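Trainee: Please take me through this structure, and tell me what each term rests on.

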Amino acid sequence: MATYLEISCGFIAVFLALYYYFTSTFNYWKKRGIKGPEPIPVFGNIMAPMLAKQSLADFLTNLYKKYKNEPMIGIFARREPILIILGPDIIKDVLIKDFSKFANRGFKIHEIAEPLSQHLFFLEVERWRPLRTQLSPVFTSSKLKGIFSLILDCAKHLEKYMDTLVQKGEPIEIREVAAQYTTDVIGSCAFGIEMNSMSESESEFRKIGREIFATNLTTFLKFKMKEWMPQLYNLLGYVLPKDKTMAFIERITISTMKYRKHNNIVRSDFINTLLELQKHPERVSGIQLTDTLLAAQAFVFFAAGFETSSTTIANAIYELAQNQEIQDKLREEIKEFDAKNNGEWKYETVKQMKYLDKVFRETLRKYPPLSFLSRKATENYTFENPKLTVLKDAKVWIPLFSIHRDPEVYPYPDKFDPERFSEDAVKVRHPMHYLPFGDGPRNCIGARFAIYQSKIGIITILRNFKCDILEKTEIPYEFDPVAFIMCPKNGLYIKITKLES
């Protein structure tokens, strides 16, 4: 009897200890006068996203609507307090005015389990700042002009590849086609390698790219383990085999660098920039420029570069298929510039296309790559209105998808309307109400590159093909609750027909 009682008391003690652990922070926002939903033990406020029952975009949008009149919302990710900021002036303070106080993104780096997680997107400010300074020249206008012909070559392959698909007369999963095109672009412009993704035999790079953003059960569990038990996940890196996608990119990057050094090959691309950095380590004093650290930068260029742009191209085609008048108007602009330049597309030509730019920006308004921006305080910080002090390492989220779908900012937000980005319309909006690439010093380093490869992809498709919806087209589509980059759960199927010459 005594033993049974002792065991029962032990269970109760453990239960109470766990309950206290999971709920001890739950008064954090109430004490500070910040409104928010009631958390529940273990999950905090994010049970549905944690269990893949709801996308973070939909979760944050529901919160945004409920607390629309609040400048800030306090939630809990499990037991960790997260501050969601809604006021545009407060957002500007965090991203721009007081950037130095929120210079970190707050993502965990797993140097043992995932060595290539040491990339610009995740890196803490101490390593991020000097690396960003040295890598930024890769994405200047002058460098983009130099590689623009490589993008055009990939676009020609895209046109031929779509011809073969159209001849089959089947619905086309446009996101996959766009991903094959952007994989080729990244391969050519970053690694100096012809990927041949748009061929009968699928390239290794396309297989790896698909696996990086796979949303199967294994990937889901791995992602959750990184979130819930980061220390254990990192320790497992000592005994478990390397992630094959990261190992592949690391191997390709290091072997390409060695080959170029040995053969004295100089090429105006991302790998060459890494080689220059390796030659001059004094440019980033205090940072150990290992092959792995350099390969990590190539990894994020490849992964983010093909996935975000391919999804943007696919979303643009998806919306144009539903809005034939907009599609026709954009095609007329494409024909106009095609004739004006005798079919020779140039960097400056794309820059002059105002309606294409409106369509592109409206696509990113409705479908930004990320549902929210994340920042982490580098020191204690006091917001002025409302008066709130957050401690060092506090996490702040900016729900950009929810802002982009706010009917008070963008009337009828589900409607696809490029005229939202006319000069007059843009002037009257707060600049923090449009953040597809973030803003401030830690905005997307490859934004300019992404814009041009995406626009050329859209031009190539509309110049040669007509896009329509069909029975298989999901309208509106459901966001994948597991994906890191916002994307459709069930693919984007479009009817594509060849235009008469």
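Trainee: At what angle do the axes of helix α12 and helix α13 cross?

Mentor: This is a predicted model, in which local features need pLDDT of at least 70, side-chain atom pairs count only at pLDDT 80 or more, and totals for chains, interfaces and linings use all residues. Residues are numbered from 1 along each chain as its sequence is written, and side-chain values use heavy atoms, without hydrogens and water. The axes of α12 (residues 244-263) and α13 (residues 270-279) cross at roughly 70 degrees and come within 10 Å. Axes are lines fitted to C-alpha atoms, for helices over the stretch in contact, with angles from 0 to 180 degrees between N-to-C directions. Helices (H or I, at least four residues) and strands (E, at least two) are DSSP runs, numbered from the N terminus.

Trainee: Why is α12 called roughly perpendicular to α13?

Mentor: Angles of 65 to 115 degrees count as roughly perpendicular, under 35 as roughly parallel, over 145 as roughly antiparallel, and the rest as oblique. The crossing is at roughly 70 degrees, and that makes α12 roughly perpendicular to α13.

Trainee: Which residues of α12 and α13 meet?

Mentor: Contact means heavy atoms within 4.5 Å. From α12, Thr253, Thr256, Met257, Arg260 and Lys261 meet Ile271, Asn272, Leu274, Leu275 and Gln278 of α13. Ala, Val, Leu, Ile, Met, Phe, Trp, Tyr, Cys and Pro count as nonpolar, Asp, Glu, Lys and Arg as charged, and the others, Gly among them, as polar. The contact of α12 with α13 therefore has four nonpolar, four polar and two charged residues.

Trainee: What makes a space a cavity rather than a pocket?

Mentor: On a 1 Å grid over the protein atoms alone, a cavity is a set of points where a 1.4 Å probe fits but cannot get out, while a pocket is an open set with protein on both sides within 12 Å along at least five of seven lines. Lining residues have an atom within 4 Å of a point. Grid points are joined across faces, edges and corners, and a volume is the space filled by probe spheres set on the points. By this rule there are two cavities of 30 Å³ or more.

Trainee: What lines the largest cavity?

Mentor: Its volume is about 60 Å³, and its lining includes Lys143, Asp269 and Phe449. The elements giving two or more residues to this lining are α7 (141-168) and α13. By class, the lining has six nonpolar, two polar and two charged residues.

Trainee: How many charged residues line the second largest cavity?

Mentor: There are four charged residues, beside five nonpolar and no polar ones. Among the lining residues are Glu114, Lys242, Asp243 and Glu250. The space is about 40 Å³.

Trainee: Which element gives the most to the lining of the second largest pocket?

Mentor: That is α20, with five residues. This pocket has a volume of about 580 Å³ and 24 lining residues, with Phe360, Phe437, Ala447, Arg448 and Ile451 nearest its centre. Its lining divides into 13 nonpolar, four polar and seven charged residues.

Trainee: Which peptide bond is cis, with omega near 5 degrees?

Mentor: The bond from Asn385 to Pro386 is, and Pro386 lies in the loop between β5 (381-383) and β6 (388-390). Another cis peptide bond joins Ile475 and Pro476, where omega is about -15 degrees. Pro476 lies in the loop between β8 (465-468) and β9 (493-498).
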